[in-house]
Amino acid sequence: MLGAVLLVLTVLLLLSFAGCDKKPVNAEPVEYSVTVMTEGGMPFGKLMLYVHGDKEKTDLVWAGETDKEGKATFTAPAAEYFLSFKDAPEGYAAEEPYTVSAGDTNIALKAVIKDGGIDEAVFKRGSIIRDFAVTVDGKEYRISSLLEEKKAVVLNFWFLNCGPCRSEFPHMQAAYEKYSDKIELLALNPYDGTESEVADFAKDNALTFPMAKCGEEFAAAFELTAYPTTVVVDRYGMIAFVEKGAIPEAETFEKLFAYFTSDDYTQKIIRSLSDIEN
């Protein structure tokens, strides 16, 4: 009889040890908060998140979207969970799964500038630029290399017989002279002329930023519908600003350059010049 009792007690003890590595299913729920942003601090809104109890994604605990601040909250028994995305934002690298613990979890996604040029690409505000290069006087200017050296790259699309383009170049030049150590400016002509005519234009007008003839694929990729068009690629590789039409004074260019080269720059999409002039 005593032996049978001891056997039962031993079995119960072994069962209790066997369950020690399981999550406390009856633990009191606690709040979890997850914020997903770019490396530069811009939130990802309406991003679908999945939280699982295991790395293999077989135990779904919660699913939902981030709000406009890139934040999502849920409650679950106190434990360590694992987060993944339905679809990682285009142009960003996701290192899933992300570990989520009680309290606040911040996830910063890093932009990836892909090789392969701009063929078949379509860029809008918020897009991550693809790598490409232009050559001026035998020197190559490559986007990825420029962003390693500078805090922003400005692309100005123009053509030789464009009056508004010509009118803004002196203002652009004046601002460039003040910020050329922090910013690179590429003036690209996809519309008319030849390489030699573009080079002569730069020389005749004492313009010191690189000016190049480029292919028609640039007009398609950047959806150019007006000239000039100014595009700013920020330090993280994101197209953060697009202005169609001439910028009429050097002061505005200086404010634009100052904004994107600032040491305390926080990434966001600038939809109008008035957003940085105030």
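Predicted model: local features only at pLDDT ≥ 70, side-chain atom pairs only at ≥ 80, totals over all residues.

Me: What span does helix 3 reach from its first C-alpha to its last?

Reply: Helix 3 comprises residues 163-179, which is 17 residues, and its end-to-end reach is 25 Å. That value is close to the 24 Å expected at 1.5 Å a residue.

Me: How many disulfides does a search of the whole structure find?

Reply: The search finds 1 disulfide. Cys162 and Cys165 form it, with their sulfur atoms 2.2 Å apart. The link of Cys162 and Cys165 is right-handed, with 80° about the S-S bond.

Me: Why does Cys162 count as buried?

Reply: The class follows from relative accessible area, and buried means under 20%. Cys162 counts as buried because its relative accessibility is 4%. Cys165 has a relative accessible area of 1%, so Cys165 is buried as well. Cys214 is also buried, at 7%.

Me: How many salt bridges does the count come to?

Reply: The count comes to 7 salt bridges. One of them joins the side chains of Lys178 and Glu254, at 3.1 Å from N to O. Lys178 lies in helix 3 and Glu254 in helix 6, so this pair ties together parts that are 76 residues apart in sequence. Lys178 is exposed, with a relative accessible area of 54%, whereas Glu254 is partly exposed at 22%.

Me: Which parts of the chain does the pair of Asp263 and Lys151 link?

Reply: The side chains of Asp263 and Lys151 meet in a salt bridge of 2.4 Å, N to O. Asp263 is in the loop between helix 6 and helix 7 (274-277), and Lys151 is in the loop between helix 2 (143-149) and strand 11; the two residues are 112 residues apart. Asp263 is exposed, with a relative accessible area of 68%, while Lys151 is partly exposed at 24%.

Me: Which residues are linked in a network of salt bridges?

Reply: Asp131, Glu140 and Arg142 form such a network. Within it, the side chains of Arg142 and Glu140 meet at 3.5 Å, N to O. Arg142 is partly exposed, with a relative accessible area of 28%, and Glu140 is partly exposed at 48%.

Me: Is Thr38 buried or exposed, and what does its side chain contact?

Reply: Thr38 lies in strand 1 (residues 29-38). Thr38 is buried, because its relative accessible area is 3%. The side chain of Thr38 makes a polar contact of 2.5 Å with the side chain of Gln267. Residues up to four places away in sequence aside, Thr38 touches Phe44, Tyr92, Ala108, Leu109 and Gln267.

Note on methods
Residues numbered from 1 in each chain as written. Heavy atoms only, no water. Helix = DSSP H or I, 4+ residues; strand = E, 2+ residues; numbered from the N terminus. Buried < 20%, exposed > 50% of the residue type's maximum accessible area, 1.4 Å probe, protein only. Polar contact = N/O pair within 3.5 Å; in protein donor to acceptor, adjacent residues only side chain to side chain. Contact = heavy atoms within 4.5 Å. Disulfide = S-S within 2.5 Å. Expected span 1.5 Å × (residues − 1). Salt bridge = Lys/Arg side-chain N within 4 Å of Asp/Glu carboxyl O.
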